[in-house]
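Here is a brief report for a first look at this structure. Start with the view below, then read on.

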Amino acid sequence: MEDRMERILIAVFVASLALQCLGQTQTSPTDQSANLKIADYIVKSLEAFRKYMVEGNQEIQLPVLDPVPMESFNYSLINGPIGFRMEITFENPSITGLSKYELTNVTVTPSDNGQDLKMTILFPHIEIKGLYDATGNVFGFFSLAGNGEFDVVASDQVLSADAVLKVINDTYFIEDISSTFSQGRVKAHFSDNHGKGDFNGLFGEMLSAMGNLVFNNRLKPVITAAMNEFTKDWLNGAFGAVTINDFFASSSQSQARVMSEAVSAVAN
């Protein structure tokens with residue numbers, strides 16, 4: 001009984017969000033106007049998603065996604081400048097700022113496989129913080145070692161995302177989102193709290209100079225994969241509360257049906 005009631009509450013929550021995003025505007029039954037309405041629905045859905053990334057939501061089992069923790073990972077730099085070799089362990093890093101994204105462009109166009117979705121998302125400020133432990137050498141002779149805190153700040157990063165909207169059981173569905181990051185600016189700082197070795201005191205500066213490499217090679221792929229998964233799941237949840245006909249019919253004709261069908265689907 002409790003499980004059934006929980007599913008009903010979840011359905012009502014998602015349906016209510018869907019109705020808010022659809023709004024009160026009537027739309028003519030043309031492909032072009034439908035695509036514009038789909039794009040607007042996506043924009044409003046993702047704008048609503050910002051709040052839940054920060055706060056989470058127990059009703060739909062959505063955890064807090066900003067800040068989002070990462071697993072510890074290792075990074076190796078070989079054949080770097082001046083024969084610089086390094087092994088770094090990044091411990092318990094976390095990413096903040098993903099919820100501050102700005103949707104600069106969303107378009108939906110017809111395609112042979114369904115409808116192509118293209119999104120351009122700007123991240124003004126992404127910050128990754130944690131602890132590090134590193135060892136290395138220069139020319140194979142001079143030893144390096146250090147550990148402490150690190151802080152990598154990526155500014156004005158642009159994510160270009162592509163997906164295909166397919167129709168399954170009269171509902172739009174996204175199977176996968178493919179994204180690429182265009183690099184803006186990256187600034188890194190590695191404190192050298194307990195540095196030792198032949199270049200004691202300089203190790204933190206040398207690591208900070210490698211901030212772009214660390215971000216591009218290890219951090220950017222993690223952020224890209226996370227945003228792909230977050231946005232895909234959220235949009236599929238929003239699309240699951242409506243049917244393709246809702247992007248043609250007026251909202252006044254479909255609002256009652258959206259709510260009743262969403263509740264009925266999980267209650268039975």
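## A buried isoleucine

Leaving aside residues up to four places away in sequence, Ile88 touches Phe73, Asn74, Tyr75, Tyr132, Asp133, Ala134 and Leu207. This model is predicted. Ile88 sits in strand 3, which covers residues 84-96.

Is Ile88 buried or exposed? Ile88 has a relative accessible area of 1%, so it counts as buried, the cut-off being under 20%. One of its contacts is Asp133. Ile88 and Asp133 are 45 residues apart along the chain, yet their C-alpha atoms are separated by 5.7 Å.

Helix 4 runs over residues 211-239 and has 29 residues. From first C-alpha to last, helix 4 reaches 39 Å. That is close to the 42 Å expected at 1.5 Å a residue.

Where does helix 4 kink? The kink lies at Leu219 and is about 45°.

## One cavity

The model has one cavity of 30 Å³ or more. The space in the largest cavity is about 40 Å³. Its lining consists of Met119, Ile121, Leu159, Ala161, Ile177, Ser179, Met227, Asn228 and Thr231.

Which elements each supply at least two residues of this lining? They are strand 5 (114-138), strand 6 (142-168), strand 7 (171-182) and helix 4. Helix 4 gives the largest share, three residues. By class, six lining residues are nonpolar and three are polar. None is charged.

Conventions. Residues are numbered from 1 along each chain as its sequence is written. This is a predicted model: local features need pLDDT of at least 70, side-chain atom pairs count only at pLDDT 80 or more; totals for chains, interfaces and linings use all residues. Side-chain values use heavy atoms; hydrogens and water are left out. Helices (H or I, at least four residues) and strands (E, at least two) are DSSP runs, numbered from the N terminus. The expected span of a helix is 1.5 Å times one less than its number of residues. The bend at a residue is the angle between axes fitted to the seven residues ending there and the seven starting there. On a 1 Å grid over the protein atoms alone, a cavity is a set of points where a 1.4 Å probe fits but cannot get out, and a pocket is an open set with protein on both sides within 12 Å along at least five of seven lines; lining residues have an atom within 4 Å of a point. Grid points are joined across faces, edges and corners, and a volume is the space filled by probe spheres set on the points. Ala, Val, Leu, Ile, Met, Phe, Trp, Tyr, Cys and Pro count as nonpolar, Asp, Glu, Lys and Arg as charged, and the others, Gly among them, as polar. Buried means under 20% relative accessible area, exposed over 50%, partly exposed in between (1.4 Å probe, protein chains only). Contact means heavy atoms within 4.5 Å.
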